[in-house]
Amino acid sequence: MKKKTRKMPSRPDVVNRFAGGSWAYSKAVRDHFFQPKNLLLQKPGRGKFDAEGIVGSPACGDVMRVWLKIDAKKDKVTDFKWRTFGCASAIASTSMLSVMVSERGGMKIDRALAIRPQDIMKRLGGLPDRKIHCSVLGDKALRAAINNWFKKTGQYDRIIIEGTQVLDPNTKVTEADIEEAVVEGARTLPEVQKRTKVGIGYPECLPKVEELIRFYTEKYFGPNSA
Amino acid sequence: MPRSIHYFDHAATTPLDPRVLRAMQPYLTREFGNPSNLYSLGRRAKRAIMAAADQIAGALGCKPGEIIFTGSATEADNMALQGAVKAIRKMRMRPDGSADPGRIKIIVSEIEHKGILAVAAALEKEGVEVVKIPVKKDGLVDLKKLEAALDDRTVLVSVTSADSETGILQPVAEIGKIVRKFRDKDKVTGIKEEKNSPLSLSPYPCPIFHTDASQAAAFLDLNVDELGVDLLTLSAHKLGGPKGIGALYVRQGTPLEPIIYGGGQQAKLRSGTENVPGIVGFGEAMAIAARERGRESARVRKLRDRLERGIMKSIPKVVLNGHPTKRLPNFLNISILDIEGEAMLLYLDDLGIYVNTGSACNSESLEPSYVLTALGEPYEYVHGSIRFTLGHETTAADVDYVLQQLPPIVKKLRQISPLNLSLGQKEKMSQPKAFIGGQTPHFLRKRKENEERRKGTGTNHS
């Protein structure tokens, strides 16, 4: 019999006893956490990969590093290897991202650049609210690697400048990320931090972030909603 | 799917001792009386409570009437801090009814449980001055700073007996002496004479000294006179008792106002029908702990040391968090570099090993453990911290199982991790102060600036 495809988010499997229901991982997260795919196992030899990118800081608790092989003619990422320092969500989301990019022979660079954290989360069957921020670094690491490729190959016009302005140099959270967090329902700084991790290791940017939260809340939800 | 459990999180909670359950059972079923009632069913419940208070008083070396049962250690902490501040504020009320809250100050250590720190923060909002005493590099509260912070406005000092993350033993008896010395020096310090203020109050000694001994009670001898404490917090479920029951020891004569009002149970200090089965279980658990802790401490310490030595031997780049010797015999808190605590926790969980971590990912606030950062550990270390806390049912087989399973997990997670931090470079890493209050720039930025300065290049950004 054909295996049923999972359409509904899978049932929580790993439940943390401290925070109860809001803190549960799906089966997909569990699988990618315990059996990570496309992990870089050996130190890469010179020239083995075409591009490399890294985001995060060990002090903040998340570091993601990716290595890419790129087919210049087809303008396609053909291989994606990674290493991640972080929690289960962070490891699982990088693993899932690597699958998304490299499955079916690879992914066009432009499509890879367009991957959002939500896309990764959807494939993972969702993440607990508190863990959403853990998935937001993977796509940034990928973009950093692709930018690295653009620089190497002289395609300076294609280099993506993250959002409008990078607010936090460690997590590379941008204004656009704040806008997105607000659109998705975050209204306060802690809520936005849960999603983006902005300013946790770099509190100087917080006044600006708060200003942006107010601005976007008014923009999308009217002046009386802030 | 049945699988064997290897429980190493006794600082979070302990399983109920079967002997405790046996003692409780009648009070969950046929002995259901309300201890406030006069008929025999009620009187028997009352007697059960008194017997439990006797058991606890016996362990603490105090009078049974000095034990107030609460719903948790957190409630006992709330009662200690809020109740003392309330009582003294009331005593210092001006004749016109207006309080002078600016004069009230409390002192706590910075590694207290949230049950203390959150209450202190709430009191601070009400105008109470809160002084947080830092810990020294070895994790012990800085006694000189504590002594220097004492003044006639100080109404309460609260220092934990052993914190819940590293189990470091604080010098409670010494602090008790310092507090007493201060009180004796200034016999009647509760009220400073004010002109034209007809305060007609009996003198009482200040500051009041409180310790949260929830973690320590299972393994330490807690004689309240030897410790010199006026208030002491206990929790049943940390020593093989049931959840939902704690207690506050209140030295006779200590000014304390209730924070819960109602029918006036427990000398009006804590209204509400007593949790009879919980109290009975608590008494039994405390009596067992007092009877067995000598033997149990030695046994658990041996197992803990075996675990500690084994991990240090088989896994490279591991650091001990907390004092090497002055710590509870069942605590082992280590940082395994290059990997994140929550990932480690979940891998261990998959094998039936239950531990805890101080990693940011494991907390509601997404901030790494404030206790470990207060000890001067860099964030990089704290994220990789795991805490093993052993208990009565921990066996050598449990320890050996961990020693067998942990190294391959660490190896795998290190393979996943892009980091390769080196030991002995703690100073070069981010120090906690680099994050506090947003005044100092983030460490990465600082490091970059230093590098640029070294290179002699300008810091102009293009």
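A residue is taken as buried here if 20 or more other C-beta atoms lie within 10 Å of its own. B:Ser214 has 29 other C-beta atoms within 10 Å, so B:Ser214 counts as buried. This comes from a predicted model, as does everything below. As for where B:Ser214 sits, the residue is found in a loop of chain B, between strand S6 (208–212) and helix H7 (224–227). Setting aside neighbours within four places in sequence, the contacts of B:Ser214 are B:Ala73, B:Thr233, B:Leu234, B:Ser235 and B:Lys238. B:Asp142 is another story: 72 residues separate B:Asp142 from B:Ser214 along the chain, and their C-alpha atoms are 22 Å apart.

Zooming out to the whole of chain B, there are 13 helices and 13 strands. The chain runs to 462 residues, and 48% of them count as buried. Contacts reach well along the sequence, too: of those in chain B between residues at least 6 apart, 71% join residues at least 24 apart.

Chain B splits into domain 1 (18–289) and domain 2 (293–416). Between the C-alpha centres of the two domains of chain B there are 31 Å. The two do touch, with 21 residues of domain 1 of chain B in contact with 21 residues of domain 2 of chain B.

One of the sheets in chain B is open and has four strands, in the order S9-S10-S13-S12, paired antiparallel. Strand S9 (318–320) and strand S12 (356–357) of chain B are at the edges; each has a single partner strand, so one side of each has no neighbour in the sheet. Further in, strand S10 (residues 331–336) and strand S13 (residues 385–389) of chain B run antiparallel and are joined by five bridges. Within this pairing, B:Leu332 stands opposite B:Phe388 of S13(B).

How far can the model be trusted? On average, chain B has a pLDDT of 86, and 83% of its residues score at least 70. Residues 188–202 of chain B have a pLDDT below 50, though the stretch still makes 17 contacts in the model beyond near neighbours in sequence. Residues 457–462 of chain B are likewise below 50, with three contacts of that kind. For the model as a whole, the scores are ipTM 0.78 and pTM 0.81.

How values were computed:
Residues numbered from 1 in each chain as written. Chains lettered and ligands numbered in written order. Predicted model: local features only at pLDDT ≥ 70, side-chain atom pairs only at ≥ 80, totals over all residues. Helix = DSSP H or I, 4+ residues; strand = E, 2+ residues; numbered from the N terminus. Buried ≥ 20, exposed ≤ 12 C-beta atoms within 10 Å, placed from the backbone. Contact = placed C-beta atoms within 7 Å. Pairing = 2+ DSSP bridges. pLDDT = per-residue confidence, 0-100. Domains from an automatic or database assignment.
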